[in-house]
Amino acid sequence: MRLERREGTASAGLILAPLTAVVFTLVVSAALVLWAGAPVGRTYSLLLQGAFGSVFAWSETLTRATPLILCGLAVSVAFRARLFNIGAEGQLYAGALAAVVVGGGGADEALGRAPELHFAVMTVCSALAGAAVLLGPAWLKIRLGVDEVVTTLLLNFIVLLLVSAMLDGPMKDPAAMGWPQSVAIAPDLELSKLVERTRVHTGLLWALTSALMLWVMLRSTVLGFDIRALGAQARAAAFAGVPPQRTMLWVALISGSLAGLAGAIEVAGRTSYLTLDMSPGYGYSGIVIAMLAGLHPLGVVVAGVFVAGVLVGADSMSRALGVPTYLADVIVAVALLSVLVSGTLTRYRVVRR
Amino acid sequence: MLSAEPVLRLAGISKRFGDLVANDNVCLSLGRGEVLALLGENGAGKSTLVSILFGHYRADEGSIEVFGRELPGGNPRAALEAGIGMVHQHVTLADNLSVLDNVMLGTEALWRWRSLRTQGRSRLLEVAGRFGLPVNPQARAGDLSLGERQRVEILKALYRGARILILDEPTAVLTPQESDALFETLGEMVRQGLSIVFISHKLAEVLRVSHRVVVLRQGRKVAEAFTPQTNALQLAQWMVGHPVKQSQREAGLRPGRVVCALQEVHCDGSSGDRLNGVSLALHAGEIVAIAGISGHGQSALADLLCGMRRPGGGRMMLRDAPFPITPAALIAAGVARIPEDRAGVGILGDLPVWENAVAERLRAPEFSRGGWIRAGTARDFAAGVIRDFDVRGAGPMAAARALSGGNMQKLIVGRALAPKSGGASPFPQLVVAHQPTWGLDVGAVAFVQQRLFEARAAGAAVLLISDDLDEVLAMGDRVAVMVRGRLSEAKPPEQWSRAEIGLAMAGDRRAA
């Protein structure tokens, strides 16, 4: 058996492929639900209601989707250029750390009187902190050919340990009764709520705007072309005049900034302080979301809301039926695999030779 | 020549890949002691047909009979056992193994305790002696020249007792002398009763070695003739399907000032991919053609002149300035480049045709302002390239990988040579073309050559690097030979004899 590239893809295939992926995902997950001894139909309907069944459900899903979308964008732009950034998690924490450092208690007087400026300085610092974490691996990749998968992945743990040290040291909140928790950012810096009495905040708009901007950038700018060309075929891109090293550094800057921004927005929009369990692996989920979206910025929005919905819905389903929330992870993982396989099968056909 | 007993018979072979019909009801037979040439352009279905014969593919319809017995499809082992040997166009030896190991590889059972190397060795030498193919069984395959590797490939097939040998474009990697030696070997094999299928798109050698010719076009057998009863013009016409006209170099253009000069240029790289002191001057309005067996530093030279590699030493000038070292700077300075690897370096397969067409010019103010692509002018330019250079087979929005090889090359040539608005000096100043017609069909070859002649007439200096000696001699105003990272003196083609060039390609010092 081997794969043979199709000459053209039928439009029916483009619609059928994701549908098949969804059906396959539901079937596989249903088997697990049955195994857990719960009724399949009711499990799915509770999951759906928990994710999208009410204003509250929607608000929770979108709150969860905000950092997921930003991390998904960070990963997708990097993957587009074949910079395999596995470090969005660490970059997110670096951004969050910068946010509490700049926005927290010790902030200076002048900035305190101009909250808009203070907010701008805080987000820029967060973005730069995220970018700084990725620029090192990118530079090593360009100069010495060091595999960025390894360096970015391992940096996650280093950043997390740094954050841990800070939370037990200089950034520790004296009022936290010994919990490793940072001081809170100034109340002026907190993002306002989009809907009253819910947690969904204006960070969502930041995420959506970022997706839109990234899409336009990839489509209509020379840098966007350079990124796509470099990812498509590095040698051919270089031949056509794309500066590979400069483009790679730009990609690292953009990708790291988006992940760092996700950290700042989580702090400013949801928690207001930093803890070590602030992110349940948003950075890693960003990889799944970027792949689900086919690395398309607007697709990342859809995929981010989907993954957030599954996670949130599974929480409420689990409370009602006792099916473990791990079902959510299985659904997301199977969805990713089936989307990748169906995507491959629209481009290739399997041939028995 | 066709003796009474056919050793191989293909009946009604058809093979489809999706909508593409690669072979359509092809029938042919091969007699004992016969050389059958399978002639056709790239994409005519030659390779698919022999892949079916050798069991790499399974035919959709039709049957194969070897020595009167049906050959099961899709099984290379069955083909080997039936006595079919295949010598691929790109030699498939394990570089780190000795010649003997390469030959014996796969002929012994895995569970045998010890390898029967002594017997293998004497058998190899016996076969080599019988067919006049001298070989050193201990030599490491990676150290052999391409001609020697091919000889090992042939021995590999003979060692396994092949009675029918399939040779896929065997002369592509050989010097003229090596080709002559190969043809003699083929003659010896035929005398000893072997049968040979010889695949080629070169008319001269088909006329020389074969007894019978089968011409394929678009997957169909369009003609079959005894070689002595046909001629090159007729074969070319069968291949293309219409009368052929060839582009001709006009004599009498006088070269102008030096456009590009290299002095003692060095470039590091693995062996076969380095320059050991190359000096060359290219004048406006001339084509300098570089002959040589591939893997003697041509890629290093082309990469250097295309901005893909930095020189390790020596001086390089473009007009009166130092030679630019990045592709972007070269493009801005008016250097048009046609790379060897068109699918891997020439185009960005996943990106649409229109972006590929404008890719090199994107940084010019005409096509982008402040980092924003001016999509309107960029698309117009792309449409112009597609129209003027006759790029067919996929629309401007389709991914460039959908293009056939010939159309890909037209796109690459088009984007490199399309006129540039603004800029005082003539455009292009310099054209670097590495294997620009390799693997193209006759029509596309003529098209590309014509465009290079036009660039020369417009005052460009053209550097043509090619494995195809006929092309080098036909196109070059001056011809130089590259061997082991060095370049011979560049002389007008009239001053080279074929024998002399062949010796120079083989690195014989008397010739250079």
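Predicted model: local features only at pLDDT ≥ 70, side-chain atom pairs only at ≥ 80, totals over all residues.

1. Two strands are said to pair here if DSSP finds at least two bridges between them. By that rule, strand β11 (residues 258-267) of chain B and strand β14 (residues 313-318) of chain B are partners, being joined by five bridges and running antiparallel. Within this pair, Gln263(B) stands opposite Arg315(B) of β14(B).

2. On to the next strand. β14(B) is also joined to strand β15 (residues 321-322) of chain B, by two bridges, and these strands run antiparallel. Leu318(B) has Ala321(B), in β15(B), as its bridge partner. The two strands form a hairpin with two residues between them, and Arg319(B) in the turn has a positive phi of about 50 degrees.

3. These pairings belong to an open sheet of four strands in chain B, in the order β12-β11-β14-β15 and with antiparallel pairing. Which strands stand at the edges? They are β12 (275-283) and β15 of chain B; each has a single partner strand, so one side of each is left without a neighbour in the sheet. Strands of a sheet pair through backbone hydrogen bonds, either parallel or antiparallel.

4. Chain B is divided into domain 1 (6-240) and domain 2 (258-505). The centres of the two domains, taken over C-alpha atoms, are separated by 34 Å. Their contact takes eleven residues from domain 1 of chain B and 14 residues from domain 2 of chain B. On the domain 1 side, α6 (176-191) and α8 (232-240) of chain B each supply at least two residues, and α8(B) gives the most, with three residues. By class, this side of domain 1 has six nonpolar, four polar and one charged residues.

5. The contact between the chains takes 21 residues from chain A and 31 residues from chain B. On the side of chain A that touches chain B, α9 (222-232) and α10 (234-239) of chain A each supply at least two residues. The helix that gives the most to this side is α9(A), with six residues. Sorted by class, the side of chain A that touches chain B has eleven nonpolar, four polar and six charged residues.

6. The largest nonpolar core has 269 residues, of which Leu70(A), Leu155(B) and Leu411(B) touch the most other members. Domain 1 (6-240) and domain 2 (258-505) of chain B both give residues to this core, so it lies between them. What does Leu70(A) touch, not counting residues up to four places away in sequence? The residues are Ala207(A), Ser210(A), Leu258(A), Ala259(A), Leu261(A), Ala262(A) and Ile265(A).

7. Helix α1 (residues 11-35) of chain A has 25 residues and reaches 37 Å from its first C-alpha to its last, close to the 36 Å expected at 1.5 Å a residue. The buried residues of α1(A) are Ala17(A), Ala21(A), Thr25(A), Ser29(A) and Val33(A). An α-helix has 3.6 residues a turn, so residues three or four places apart point the same way. What covers the buried residues of α1(A) includes α2 (40-52) and α14 (326-347) of chain A. Gly37(A), which follows α1(A), has a positive phi near 80 degrees.

8. Backbone angles deserve a separate check. Most residues other than glycine have a negative phi, and most peptide bonds are trans. Ser272(A), a residue other than glycine, has a positive phi near 70 degrees. This serine is found in the loop between α11 (244-271) and α12 (282-292) of chain A. Is Ser272(A) buried or exposed? A residue is buried if 20 or more other C-beta atoms lie within 10 Å of its own; Ser272(A) has 21 such neighbours and therefore counts as buried.

9. Asn25(B) likewise has a positive phi, of about 50 degrees, although it is not a glycine. Asn25(B) lies in strand β2 (residues 20-31) of chain B. With 14 C-beta neighbours inside 10 Å, Asn25(B) counts as partly exposed, the class for counts between the limits for exposed, 12 or fewer, and buried, 20 or more.

Technical notes. Residues numbered from 1 in each chain as written. Chains lettered and ligands numbered in written order. Contact = placed C-beta atoms within 7 Å. Nonpolar A, V, L, I, M, F, W, Y, C, P; charged D, E, K, R; others polar. Core = buried A, V, L, I, M, F, W, Y, C linked by C-beta atoms within 7 Å. Domains from an automatic or database assignment. Expected span 1.5 Å × (residues − 1).
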